[in-house]
Amino acid sequence: MQTRLARADVAPASTWNLDDLFASPAAWEAELLAVDAARDAVAPYQGRLGQDATTLLACLTAVEALQQRFMCVATFAHLRNAQDGTDPLYQAAVARVSALGARLGSSIAFVDSEILALPDGVVQQLQAAEPGLAVFQNQLQDLLDVRPHRLGADTERVLASLGEVLAAPYMVYNRAKSNDIQFAPFTDAAGTSYANSINGFESSFESHSDTSVRRGAWQSFSAGLKAYNHTFAATLATEVNKNVVMARLRNYASTEDYLLQPHKIPRPVYTNILQVIQAELAPHMRRYARLRQRVLGLDKLLYCDIKAPLDPEFNPRVTYDEGCALILDALAVMGPEYCDFARTAMTQRWVDRADNIGKSSGAFCASPYGVHPYILITWADTMRNVFTLAHELGHGGHFGLAMRHQRYVNTRPAMPFVEAPSIMNEMLLAQHILGQSNDTRMRRSVIMQVLGTYHHNFVTHLLEAELQRQVYALAESGQSITAALLNQRKGDILCAFWGDTVEIDDGARMTWMRQPHYYMGLYPYTYSVGLVASTAMANLVRDQGPPAVKRWLQVLKAGGTLRPLELLQTAGIDLSTPQPIHDAVAYVGRLIDELEQSFAG
């Protein structure tokens with residue numbers, strides 16, 4: 001039976017090197033204590049922020065420096081916990097960071113409250129008097145934008161001090177998912193036994209060519225989820241009800257309005273994404289499902305079959321080094337600065353690609369300011385891994401460039417833009433491979449990878465967003481959020497999308513348990529925004545070449561200095577209308593057309 005290694009038994013070359021963050025746990029410990037002590041340096045500014053522009057600038061600069069230091073301390077703790085969530089020392093470190101974050105938030109809560117208490121026009125007068133405040137322009141404007149929703153200074157300080165408690169649902173979910181949940185071994189049709197895990201299922205078994213392996217893993221995986229169905233539902237219900245209460249306390253019209261506030265986009269962009277994609281994409285994906293069932297020779301297509309390879313013999317093993325070389329070739333169009341970053345990230349142990357007990361599932365990129373990005377992935381020698389790594393390098397390249405060109409306070413754009421640079425890399429990778437070959441099998445292999453990206457963002461994550469939309473509406477009306485309700489709603493959403501082409505079983509109904517995005521506000525729909533934007537941008541790069549690349553690099557370097565739609569407009573994309581959404585969905589249809597033709601003979 002295949003077994004997973006303990007973290008201590010993993011080859012160091014396949015892990016990330018956190019020494020660039022802190023040379024040792026002792027160094028991290030010292031900085032954690034120093035950041036805690038440094039909170040006192042902000043206290044002398046309390047009650048003085050309207051005094052003069054010099055004082056306001058000094059206070060905002062001190063807070064920025066403190067937050068930057070805290071980010072590095074927090075990232076180190078969270079990365080170690082992500083590499084092995086079973087280690088009690090790592091768990092304790094995350095808890096300590098969470099507590100420190102709450103103390104820090106309480107210590108600096110007066111800053112926002114005092115600025116918002118200033119009479120109308122005073123902030124603008126202070127900005128005019130001190131050019132150094134220009135770097136904080138967006139931060140100050142964002143603050144003024146939420147003025148109608150701020151509570152009293154004492155209340156804001158209390159809420160800030162409860163940060164650890166308010167973040168508890170996400171912590172409980174992650175702790176249970178990485179430590180407690182277990183999956184029984186399963187056997188395939190030949191009697192071979194396999195160990196199962198979240199990482200193993202999502203990186204290998206879910207897309208396995210052997211139906212008996214795929215379905216056996218699915219039964220094991222679904223049974224493991226079911227054991228935590230009610231616990232995870234209660235955890236998610238707590239997160240949902242927390243946000244409903246916060247929205248009401250702050251006098252928002254709805255919880256969606258509250259959660260969309262920091263996204264800095266017009267609400268129609270959010271509704272267009274949800275409505276247009278679900279309505280227009282479903283017919284294309286149903287065609288893809290029928291094609292899959294026919295090619296695989298299945299009497300019915302189960303939910304666990306929708307990622308099965310259609311041409312498994314043409315799915316060669318891709319080693320990590322081979323994948324890195326392919327990515328660098330695809331990203332050559334982005335120029336030497338970008339490619340040098342990608343090469344360094346992949347060769348200097350910025351990537352953790354091992355599979356071990358306790359490792360966080362999925363993939364992500366963390367970018368501590370002043371250091372460099374770190375990427376987590378579980379490498380299983382598949383082309384899907386290559387696309388995932390390209391995706392995370394897109395995040396890393398974005399924030400790596402932003403860190404070089406912006407202060408900490410201006411590094412991150414609002415959430416709807418965050419996924420565009422990452423998915424852009426996937427599109428460039430697909431264009432590169434398709435441009436190199438007219439071979440039918442090669443092209444359809446790449447098309448299936450690209451469709452995997454669209455499925456991930458236009459189906460998986462978008463239907464998460466649809467579940468969020470429904471659940472928040474139910475919670476606001478007083479409905480209890482239970483496992484039965486979540487399973488039913490998720491199942492209904494999947495049935496509405498797939499129609500009669502896919503059998504939605506109990507495991508499919510529980511897929512809401514797999515994703516952490518429900519604990520990140522309205523994050524899920526932003527993947528679709530990113531895919532719409534990157535589809536348009538990749539076509540601009542293909543058609544215009546260097547001028548389009550120059551605009552895109554300019555946008556990446558801009559960080560959070562512009563709002564999402566302004567960033568996209570700078571790149572040459574107008575998302576104020578639904579046309580780019582229609583175009584992206586139509587592109588999926590053309591990909592499926594070619595795929596159907598490739599199997600027609």
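Let me start with the length of helix H19, because at 1.5 Å a residue its 37 residues should span 54 Å, and the end C-alpha atoms are 52 Å apart, which agrees. Please keep in mind throughout that this is a predicted model.

At the start of H19, the backbone nitrogen of Arg-441 has a side-chain oxygen of Asp-439 within 3.2 Å of it, and after the helix comes Gly-478, with a positive phi near 95°.

Is Thr-460 buried or exposed? Its relative accessibility is 18%, and since the cut-off for buried is under 20%, Thr-460 counts as buried.

Let me turn to the aromatic residues, of which the structure holds 25 pairs. In one of them, Phe-417 and Trp-552, the ring centres are 5.9 Å apart and the planes stand at 50°, so the pair is tilted. Phe-417 belongs to helix H17 (residues 415–418) and Trp-552 to helix H23 (residues 546–558), so this pair ties together parts that are 135 residues apart in sequence. Both of these residues, Phe-417 and Trp-552, are buried. Elsewhere, one aromatic cluster is formed by Tyr-170, Tyr-173, Tyr-228, Phe-232 and Tyr-519.

Charged groups also sit over rings: the charged end of Arg-80 is placed over the ring of Trp-28, at 5.8 Å from its centre, and Arg-292 lies over the face of Tyr-288, 4.7 Å from the ring centre.

Finally, some backbone angles. Most residues other than glycine have a negative phi. Lys-264, however, is not a glycine and has a positive phi of about 60°; this lysine lies in the loop between helix H12 (255–260) and helix H13 (267–296), and with 21% relative accessibility Lys-264 counts as partly exposed. Arg-349, again a residue other than glycine, has a positive phi near 60°, and Arg-349 is found in the loop between helix H15 (336–347) and strand E3 (351–352), where its relative accessible area of 30% makes this arginine partly exposed.

Methods: Residues are numbered from 1 along each chain as its sequence is written. This is a predicted model: local features need pLDDT of at least 70, side-chain atom pairs count only at pLDDT 80 or more; totals for chains, interfaces and linings use all residues. Side-chain values use heavy atoms; hydrogens and water are left out. Buried means under 20% relative accessible area, exposed over 50%, partly exposed in between (1.4 Å probe, protein chains only). Helices (H or I, at least four residues) and strands (E, at least two) are DSSP runs, numbered from the N terminus. The expected span of a helix is 1.5 Å times one less than its number of residues. A polar contact is a pair of N or O atoms within 3.5 Å; within protein, one must be able to donate a hydrogen and the other to accept it, and residues adjacent in sequence count only if both atoms are side-chain atoms. Rings of Phe, Tyr and Trp (its six-membered ring) pair if their centres lie within 6.5 Å; planes under 30 degrees apart count as stacked, over 60 as edge-to-face and the rest as tilted. A charge sits over a ring if NZ of Lys or CZ of Arg is within 6 Å of the ring centre and within 35 degrees of the ring normal.
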